[in-house]
Protein chains: 4
Amino acid sequence: MDFSIPSDIQDMLANVGQFLREEVYPLEERFVSGAFADLVPTLEEKRARVKEMKLWAPQVPAEYGGVGLGFMQHAMLSEELGRTPMGHYVFNCQAPDAGNMEILAEFGTQAQKEQFLLPLAAGKSRSCFAMTEPECAGSNPVWMKTTAVRDGDEYVINGHKWFSSAADGAAFAVAMVVTNPDAEPHQRASQIIVPTDVPGYRWIRNIPVMGHAGDGWPSHSELRFENVRVPVSNLLGEEGAGFAIAQARLGPGRIHHCMRWIGICERSFDLMCERAATRELAPGDPLGNRQTVQNWIAESRAEINAARLMVLHAAWKIDNEGTKAAREEISAIKFYVAGVLMAVVDRAIQVHGALGVSDDTILQYFYRQERGARIYDGPDEVHKTVLAKRALRSFGMKK
Amino acid sequence: MDFSIPSDIQDMLANVGQFLREEVYPLEERFVSGAFADLVPTLEEKRARVKEMKLWAPQVPAEYGGVGLGFMQHAMLSEELGRTPMGHYVFNCQAPDAGNMEILAEFGTQAQKEQFLLPLAAGKSRSCFAMTEPECAGSNPVWMKTTAVRDGDEYVINGHKWFSSAADGAAFAVAMVVTNPDAEPHQRASQIIVPTDVPGYRWIRNIPVMGHAGDGWPSHSELRFENVRVPVSNLLGEEGAGFAIAQARLGPGRIHHCMRWIGICERSFDLMCERAATRELAPGDPLGNRQTVQNWIAESRAEINAARLMVLHAAWKIDNEGTKAAREEISAIKFYVAGVLMAVVDRAIQVHGALGVSDDTILQYFYRQERGARIYDGPDEVHKTVLAKRALRSFGMKK
Amino acid sequence: MDFSIPSDIQDMLANVGQFLREEVYPLEERFVSGAFADLVPTLEEKRARVKEMKLWAPQVPAEYGGVGLGFMQHAMLSEELGRTPMGHYVFNCQAPDAGNMEILAEFGTQAQKEQFLLPLAAGKSRSCFAMTEPECAGSNPVWMKTTAVRDGDEYVINGHKWFSSAADGAAFAVAMVVTNPDAEPHQRASQIIVPTDVPGYRWIRNIPVMGHAGDGWPSHSELRFENVRVPVSNLLGEEGAGFAIAQARLGPGRIHHCMRWIGICERSFDLMCERAATRELAPGDPLGNRQTVQNWIAESRAEINAARLMVLHAAWKIDNEGTKAAREEISAIKFYVAGVLMAVVDRAIQVHGALGVSDDTILQYFYRQERGARIYDGPDEVHKTVLAKRALRSFGMKK
Amino acid sequence: MDFSIPSDIQDMLANVGQFLREEVYPLEERFVSGAFADLVPTLEEKRARVKEMKLWAPQVPAEYGGVGLGFMQHAMLSEELGRTPMGHYVFNCQAPDAGNMEILAEFGTQAQKEQFLLPLAAGKSRSCFAMTEPECAGSNPVWMKTTAVRDGDEYVINGHKWFSSAADGAAFAVAMVVTNPDAEPHQRASQIIVPTDVPGYRWIRNIPVMGHAGDGWPSHSELRFENVRVPVSNLLGEEGAGFAIAQARLGPGRIHHCMRWIGICERSFDLMCERAATRELAPGDPLGNRQTVQNWIAESRAEINAARLMVLHAAWKIDNEGTKAAREEISAIKFYVAGVLMAVVDRAIQVHGALGVSDDTILQYFYRQERGARIYDGPDEVHKTVLAKRALRSFGMKK
C-alpha cells in the first residue's frame, strides 16, 4: 500500500486551489443571490483562463479537446473543484455534461460525437439527462413510463420527466425511454438523444429547489415529450441498453460526486475552523476554546479523512478491477459520504451562529442545495440495501 | 397526574386546525415564493375571519383587546398555529410582536401601553426587538456594544444590531442597549423603545437567510443607531433591568417557540405518513412498506410525543412555580425540541425524495428557515451548559 | 393537564428511596459478584422490613395480601425500586412473578389462585414464564413449536424453551404452548401452569448472560418439556387465549419495565453528576468543567425527563382508556426508553473512566445486564413497525 | 496511490485466519467462562504451532527471536489476530508485552534486553505496564503521584497504581514514576523496570471488569509500591524521559489496538451476516430480509472499511514521516475506530436477539470487555481535543 500522491498532481491541485480562491470564490455571492445568466459572461472569462492553464475539460480524452487526466487524478481534482459551486463548471467537467460527454465518448457513433460531444467538450453547448419521472419512484430505476415507439426511421417519444438538471438552455437531452416494454426489466429502456429544438419537446418549468428558483445551468427542469420525433440514429448504443449505459455512467459519476462533496466538506471545515479560531465569545476567549466546538472539528476531520480514503479506494478499485467489482464500495461511499457532507456542513453552520444561516457565507447554500445528495443517484436506503444483499448472499442468503 | 385536555380547548384546537387547513395552507405557495407585501391584503382578510372567530390576539389580556387565554391553553394553540408559517401572524401572536406585547403589558407605563401596545394588539402596527449584534457573540447575552447615554431628558443611542426580525416595516424597535457600563454584567443593559421614524435610526438591509431575501414581517434586518435620540420616558421598566426583562420575555417565549416547532413536526409527520402511504415504489407497493420508513415514522412519533409532554410540563411548571423554578426545564426543551424538529423535517424530506427538496411542498421551507431554531434564543450549547451547571451545583460542584 | 404528584405518594417514594439507599444499595457488591443463593437470607430480612413498612407486594390487590396501589402509583414506585437491581425483589414485585400474579389474579380460577397466586404474593414461592424458544424467533410471538395435546383430563406437553427468567428455583412455570395448531395464528396458543416437580419437566441450565452465570431469581434458564402431564385444570383462562393473556400481561408489564429503566437512568445520572462534580482532572479542576461532560448531563436530563413523561402518560392512558387504546404509546415507550437507558448508562460509564468499566460501581452491571432491554418483550424493531403501521393505516395504507 | 496488498502478505493472512478458526476459536468458550490458568497449557500447544509456522513474535526484530515484520505488515496481521481474544497472545504480540518489548528494544540497555526482553520475546515470561493511578485522572498523563527517589545506586519507589493489565503473574512491571518533580510537567516522570519479586511490591487484587474477575494475562490489577528499591540500572532511557517513551510506545500501539478492534469488527460483522442470512423470522423468511438489518450491515461495512483505511493510512504515515507527523491521524483513529467498534458489536448483538446477550456467542465478550476501548490510551474526549487544537492552531488560534 502506498498513500503518496505524485508531486506533479500535488502541484496541479495547489494551482487550481489558488485559482479558485482568487478568481472564483469572489463570484459566489452573485452566484447565490442573482441570476445565473448574468454571471455567464464573467464565467466565460474564467473558462478562458482555465484553457490558458491547460486544464480545460480535464476528464475528457485529448482527442476530443480535453486534458485526459487519469481516473484517480480527476477524482482528486474533483475534490478541489468541489470547494465552490462553480468549480466544475469553470473547468467544463460539471454534471450533467461530464456524464453525457463520457457516455457519448464511450457509446456514441462518430456522427453523434461530432454533432453532440465536440460542442460540449468545447464548452459551446450544454446538455441534460432526462431520467426521473414524477409519476414513478426514482429509487426504482427500472420503472418508467416514457416511451419511444419506432416509426420508420424515427422514434416517437412521449412522456413526462422532471429533475432534469440543467435542461434550461440545454442543446439536447439524453432521454431514458422505454423502447422494449416486454423485455426483462433491466433491458426495457434505451437512451436517445433529443435535441431540444424538435417539435413536441416541451420545457415546462425550472423546479424551485430549497428556495432557489434556478436558471440556466444550475436548475432542475420539468419536461414533457409530446410525440417528439427523432431519427433512429439518435439512439445511443444498443436498443435496450439504456440501463446498462446508465450504470456505466453512474458508477464513476458517483466517484466524482463524492469527491465534490469532500471538497464541500473541506471548504466548510476551513470556514468552521477559521470562525472558531477568531470569533470571540468574550474578549480574548475564542469559540475554539469550547470543547463542543473542538469535538465537531475533530469528528469532522476524522470523517472527512475516512470519506476521502474510501472514495479514492473505490476509484482505485474501479480503475484496477472495473466498476462491477467495485459495486459494494460505490454503494458504500454514496451513502457514507453524503452523510458526512450533511454533518460537516451542519456543524460549520452551528459554529457560525446567526451568520451561519445567513447568505453572508456559502454554508447555507451547501446546506440547502446539497441536501439532495442523499437522494439523487440512488437514495441512501437503496444503496444500503444493495450493499447488504450482496453481503448476505455471500453468507448464503438466497433472495 | 392528569393528562386530559378540557373538551372546550379540544374544540377550539379543532376549529383552528380546520380554519388553517382551509384558509391558510393554500397561501403557502405564495408565501414561500413571492413577496410578503403582496400577500398582506389577503392575510388581512384572514385576520378579519379570526376576529370573527373571537380568537384574535389569543394570548393578549382582554383589557388590551385579546382573548386572554391561559398560558397552557395558548401553548396548545401555538402548536396548532405552528403547522403553517403564517399561523401565528394570522392570529396576531407572531414573534416578535407577541413578546413585545407581553413585556409592554407587564413592564410598560400607561403611556407606553397606549402608544405602543394597543396598536400592536390591534394589528395596526408591527414591531421588532433589537438585541443581537454582529460584533458580539449572541450566545453571550451580557456582551453588547450598543450604548444609550443620557443627555437631559433623552437617551442618545449608538450601535449596530442585526437579526432584528421583522424590523422591515416595524413602527418601533425595543432595543437592548448598555446604559450602565460600570454595573455588574447582568445589570448593564436597559430596554428602550425606539420609534423607527426617529433621526439616526438606519435600516440597513434585510439579511437574506437560507436563500430567502425576506421582506416585511418574515425578515431579519441589520440596523444602525447613529446618535438616535429618544425621550427617557421610552425606557421600558428600570434602567439596568434590560437583562431581567429579556429573561422574563424569553422564558415563556421559548414555550411558544417550542410548541410552534411541535406544530411543524406534526405537519411534517402528516406529510411523511401521507407520502409513505400513497407513493408507490412499484405498482401496489407503497413506500410505507419499507422498514426504514417505518422506523422514521415510529421514531418521529415517539420524539414528538416526548417533546410535547416536556414542553407542556415546563409550561405547567412556569404557571405553577414561576419561570425561575422552571429554568432547567426551559433549557431542556429549547435544545431537545429543536433537535426533534430538525430530525423530523429531515426524515419527511427523505421520504419525499426529489419532491422533498423541491418547493412543491412546505417541507423545504421548514428545513431551511427553521434551522435557526438551534441558534436563536440561546444555541443548544448554551442551554446544555446552563442545565448541566445547575445539576452539578446540586452535587456540590462550585464554579 | 396537571402534572402534580400527591404529597402522600411523594412521601412514600421518599421513604422507599431512603430505605433502598440505606439497606439495599450496600448489598449490591455481593449481588454483582457472588451467588444469589448466599444473599437470600439477608434479602429475607429486608423483605421483613418492607412488610413492616406496609409496602409488601405493592401492586397486589389487598385481598391477596398486597398493598393494592393504583396503576400510576405503582408505576412511580417502580422507578424508585429500579434504582437498584434488588429493589423490586425486596418489595415482591419483581419480574416475572409480578406478571404471573397479575394474570393469575385476572384469569385464574379460585383453585389456581389458592395453589399458585397466594404463595407468590406471600413471597413463599417463585415462578417463571416459559415463552421464548431457541428454534423460533422471539420477535414473532405467534410462532412456537411447544405443544400441549389433550389426553383425557390431562395436557401432554412437549417442547423446548429458553430465556425463562428465574426458572431456577421456581415452583411453577406458566408455559405458552400450542393447543390449537389449526386455529388462526393468534388463537393457537394457551397458557398452562406447570409445576416444576412434575415428571418430564427438565431444567437444562442457566444461560450465562453477559458474563453473569445466573442463579436463583436473577437467572435465565433453558428448559425442556418431555411428555409433561398436567391436569386440564391447570389451563389459565380459555384454550387459545394464550396470546391474548400474554398481551394483557405485557402491556402494563412494559410500563413497569420502563419505569424500572428510568430508575436505572436516574441512579446512573446521579453517579455521573457526582463523579463529574468531584473527580479532578488536575488539582481544582473537576471533570464537570468539561463541556462534553456537561453536554452528556444535559442530554441525559432531557431524555430521562422525556422518557418519564411518556411512560406516565402511557400509564395514564391505559388507566383511562385501556391497554388497547394505548398500544401506540406502549410501543413508543418500549423502544424510546430502552434507547435512553443505554445512552445514559453509557455516558455515566465514560465519565467514570476506568472506574466505570470496573465492578467497583454498579454501572457496569446496568451496562451489561440491561442490554437485553432492547430485545425482550419485543425488540425495538418490532415495536417501531407496530407503531408505524398503525400510523400508516390512519393515512390510508392498506397492508 | 496504490491500495494493493502483496500476495505473500495476503497468503500469510489467509493462513493465520485458517489457523485461528480451526485451532483458537474453539477455545473461546473456555476462555470466556473459565480461569485463564486452566487454559494456559492448551495455549502453549498453540504457541508451539505458531513457532512451527514461523510466525512467532511477528513484530519482534529477528535478533531477539521474532519475525521482524514491517510496521504495515504487522498492522494487517494484527487485524487478523484481533478476531479472537486470544489471537495476539498465541502469537506473542499481546498487550502489554508487545509494547514493553518495543520500548525495551528501542530504549533498553544491553543488560536490560538480556534480562527482560529476551524472556518476553521467547514467551517465557510476562510483564505489565504500571501507569494509571486511582487518585489521578488517567486522561491527564502528566499528573501522577507515584515517586522514585534516588538513594545511592537505588531508586526508592512509593505509589499506588491500578489497571495495570496482566500484572497478575508478570515477572516485572515497567512503572511510570515521578523522578523530577520540579521539572516541566512533561519531563517529570521516568520509566523504571520493577521486578515483581522485590520487597515492597504489593499486588493488591485483580480488578473485576464488566463482570469478568480476571486472572493471569487477561486481568487488570491494583498495585502498591511501598519503599520498593531497584538499582538505578533499571531506569529505562533517560531520567525524565518517561513521558516521551510512553508517547513512542503509545503512537504505534494505537495502530495495533485499532487494527485489533477492526478484527473484532470483522468477526462481529461475519456473525451478524451469518445470523441474518440463516435465522428465520417465519419459515422461509430470514432476518436478512428486514431493511433495518440490511441498514446495519451496510453501515457496518462502510464504517469498517473507513476505519481500516484510516488506520492503514496512519500507519503508512508513521512509517514514512514518523509518529510526530502522524499525531492528528493517530488521535483520529483512536476515537473513530473505537466508536465503530462499539457500533458494530452492538448491531451484531441486536441481530442475534436473546442469543446475542448470552455467553453462547463471543459477541457479549466484545461488548463488555472492549467497552474500555473508548477510555484507555486516552479517552475519546482527549483525542478529539488534541486533534482540534492542532487544527485550530493552523488557523491562528493561540492557546
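This is a predicted model: local features need pLDDT of at least 70, side-chain atom pairs count only at pLDDT 80 or more; totals for chains, interfaces and linings use all residues.
Start with chain A. It is divided into domain 1 (7-108), domain 2 (127-236) and domain 3 (243-394). The centres of domain 1 and domain 3 of chain A, taken over C-alpha atoms, lie 20 Å apart. The contact between these two domains takes 20 residues from domain 1 and 24 residues from domain 3. On the domain 1 side, three elements of chain A give two or more residues each: helix H2 (28-33), helix H4 (71-82) and helix H6 (97-107). H4(A) gives the most to that side, with eight residues. By class, the domain 1 side has nine nonpolar, five polar and six charged residues.

Now turn to the middle of the chain. The UniProt record, an unreviewed entry, annotates residues 128-228 of chain A as "domain: Acyl-CoA oxidase/dehydrogenase middle". Over residues 128-228 the chain is 0% helix and 49% strand. The end C-alpha atoms of this stretch are 16 Å apart.

Strands S2 and S3 of chain A give a local example. S2 covers residues 147-151 and S3 covers residues 154-165. The two strands run antiparallel, and five bridges join them. One pairing can be named: Ala148(A) has Ile157(A) in S3(A) as its bridge partner. The hairpin of S2(A) and S3(A) has two residues between the strands. In this hairpin, Gly152(A) takes a positive phi near 65 degrees.

Val156(A) is found in strand S3 of chain A. Leaving aside neighbours within four places in sequence, Val156(A) is in contact with Ala148(A), Val149(A), Asp151(A), Asn227(A) and Arg229(A).

Next come the copies. Two copies of a chain are related by a rotation about an axis and a shift along it. For chain B on chain A, the rotation is 180 degrees, the shift along the axis is 0.0 Å and the RMSD is 0.0 Å. That is the relation of a two-fold axis. Which residue of chain B comes closest to the rotation axis? It is Gly211(B), whose C-alpha is at 3.0 Å.

Chains A and B also touch. Their contact takes 36 residues from chain B and 36 residues from chain A. Four elements of chain B each supply at least two residues of the side that touches chain A: strand S9 (280-282), helix H10 (327-352), helix H11 (354-357) and helix H12 (363-369). The residues on this side of chain B divide into 15 nonpolar, 13 polar and eight charged. Why do the copies meet through the same surface? They do so because 100% of the interface residues of chain B are also interface residues in chain A.

Chains A and D make another pair. A rotation of 180 degrees, with 0.0 Å of shift along its axis, superposes chain A on chain D with an RMSD of 0.0 Å. Here too, the same surface serves both copies: 100% of the contact residues of chain A recur in chain D.

Technical notes. Residues are numbered from 1 along each chain as its sequence is written. Chains are lettered from A and ligands numbered from 1 in the order in which they are written. Two residues are in contact if their C-beta atoms, placed from the backbone, lie within 7 Å. Ala, Val, Leu, Ile, Met, Phe, Trp, Tyr, Cys and Pro count as nonpolar, Asp, Glu, Lys and Arg as charged, and the others, Gly among them, as polar. Two strands pair if DSSP finds at least two bridges between them. UniProt positions are given in the numbering used here, feature names are shortened, and annotations may be inferred rather than shown by experiment. Copies are superposed by least squares on the C-alpha atoms of residues with pLDDT of at least 70 in both. Domain bounds come from an automatic or database domain assignment.
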